[in-house]
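Hi,

Here is the structure I promised to pass on. Have a look at it first, and then read on for what turned up.

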Amino acid sequence: MPHALERLRTDVDLWVASASEDGHAYLVPLSYLWDGSALLIATPRVSRTAENLIRAGWARVALGPTRDVVIVDGPVEAIPIGADTEREDAHAVAAGFDPRTLAEEHVYLRVTPHEIQAWREANELAGRHVMRGGAWLERDGL
């Protein structure tokens, strides 16, 4: 669990998976803010990713390389630009860009972890769940 938390705190980018209503899969890299309890990402309001995640109400995101991965599943909340300027300021610092300044309208998507998996090598697969049902599991190492 400590290693997974460190990745969430220090990484800048993650992969966001989504699917259209008819099952077409999409995978995009986005920058994020970890606020200690949820991930905040920003993407164009009319993007496939925003549309898919808002419609589904659920997200799967992954960060880190394949030999040090953290996978987060959880509900998605759409937050319009201007709804929380303090969090938006923190996102701009963490992500290295400010979607509020862009011509294309963006939306913030808050992903609250329901389940987190983390592992580095095959020997850690059995114990890869570090969060279930929104509660951290006690375990050493990750």
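Where is aspartate 68 found? This is a predicted model, and in it aspartate 68 sits in the loop between strand S4 (58–63) and strand S5 (69–80). With a relative accessibility of 15%, aspartate 68 counts as buried. Its side chain makes a polar contact of 2.8 Å with that of arginine 7. Leaving aside residues up to four places away in sequence, aspartate 68 touches His3, Arg7, Leu63, Trp119 and Arg120.

Helix H1 (residues 2–10) is worth a look too. Alanine 4 belongs to this helix and is buried, at 0% relative accessible area.

Now to the salt bridges: the structure holds 10. One of them joins the side chains of arginine 110 and aspartate 35 (2.8 Å, N to O). Arginine 110 lies in strand S6 (residues 106–111) and aspartate 35 in the loop between strand S2 (25–34) and strand S3 (39–44), so this pair ties together parts 75 residues apart in sequence. Arginine 110 is buried at 14%, whereas aspartate 35 is partly exposed at 32%.

Aspartate 84 and arginine 87 also form a salt bridge, at 3.4 Å from N to O. Asp35, Asp84, Arg87 and Arg110 are linked in a network of such bridges.

Finally, aspartate 73 and arginine 60 meet in a salt bridge of 2.8 Å (N to O). Aspartate 73 is in strand S5 and arginine 60 in strand S4, so the pair ties together parts 13 residues apart in sequence.

Best wishes

Terms used. Residues are numbered from 1 along each chain as its sequence is written. This is a predicted model: local features need pLDDT of at least 70, side-chain atom pairs count only at pLDDT 80 or more; totals for chains, interfaces and linings use all residues. Side-chain values use heavy atoms; hydrogens and water are left out. Helices (H or I, at least four residues) and strands (E, at least two) are DSSP runs, numbered from the N terminus. Buried means under 20% relative accessible area, exposed over 50%, partly exposed in between (1.4 Å probe, protein chains only). A polar contact is a pair of N or O atoms within 3.5 Å; within protein, one must be able to donate a hydrogen and the other to accept it, and residues adjacent in sequence count only if both atoms are side-chain atoms. Contact means heavy atoms within 4.5 Å. A salt bridge is a side-chain nitrogen of Lys or Arg within 4 Å of a carboxyl oxygen of Asp or Glu.
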